[in-house]
Amino acid sequence: MTGQPLLQRLVSLCKVLQLPCETGAYRASPAPNSFVVLTPIADVFDLHASNTPGAQIEHVRLSVFTTGNYLPLRDALTRALRQQDITIEARTYVGYEVETGYHHYAIDCAAWQLSQI
């Protein structure tokens, strides 16, 4: 748990790993050999017996794109996410994109904070 929104934490994490990232779509041209696109999936309020939001849970997908072996990036991101107490919900190899020459690997993650609403 932290006071920072999950997207902000993930941008900081990518900077530490020296991994270019953007939210929604990667627009820089030419694109680097490896980069991450962060996609917000959902913001969920956890309800308690009083039917009032007790915690906000943010879900974000990290789409990892690389022209090389994706395994070192997957492992580095996994370690960094776990060190930041960010929950990893799923890791999926999406596929090789012939048009771009990138391997696409997705990591779905979540983090929560106490609700301020």
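Me: How many helices and strands are there in the protein chain?
Reply: In this predicted model, the protein chain has two helices and five strands, and from the N terminus on these elements run in the order α-β-β-β-α-β-β.

Me: Why are Phe35 and Tyr102 called an aromatic pair?
Reply: The centres of the two rings lie 5.3 Å apart, and rings of Phe and Tyr pair if their centres lie within 6.5 Å, so Phe35 and Tyr102 form an aromatic pair. The structure holds six aromatic pairs, and this is one of them.

Me: What makes the pair of Phe35 and Tyr102 edge-to-face?
Reply: The angle between the planes is 75°, and planes over 60 degrees apart count as edge-to-face, so that is the description the pair of Phe35 and Tyr102 receives.

Me: How do you know that the pair links distant parts of the chain?
Reply: Phe35 lies in strand β2, residues 34–47, whereas Tyr102 lies in strand β5, residues 102–114, and the two are 67 residues apart. In the protein chain as a whole, among contacts between residues at least 6 apart in sequence, 54% join residues at least 24 apart.

Me: Are Phe35 and Tyr102 buried or exposed?
Reply: Both Phe35 and Tyr102 are buried, which means that the relative accessible area of each is under 20%. Of the 117 residues of the protein chain, 35% count as buried.

Me: Which residues form one aromatic cluster with Phe35 and Tyr102?
Reply: Tyr26 and Phe65 belong to one aromatic cluster together with Phe35 and Tyr102.

Definitions and conventions. Residues are numbered from 1 along each chain as its sequence is written. This is a predicted model: local features need pLDDT of at least 70, side-chain atom pairs count only at pLDDT 80 or more; totals for chains, interfaces and linings use all residues. Side-chain values use heavy atoms; hydrogens and water are left out. Rings of Phe, Tyr and Trp (its six-membered ring) pair if their centres lie within 6.5 Å; planes under 30 degrees apart count as stacked, over 60 as edge-to-face and the rest as tilted. Helices (H or I, at least four residues) and strands (E, at least two) are DSSP runs, numbered from the N terminus. Buried means under 20% relative accessible area, exposed over 50%, partly exposed in between (1.4 Å probe, protein chains only). Contact means heavy atoms within 4.5 Å.
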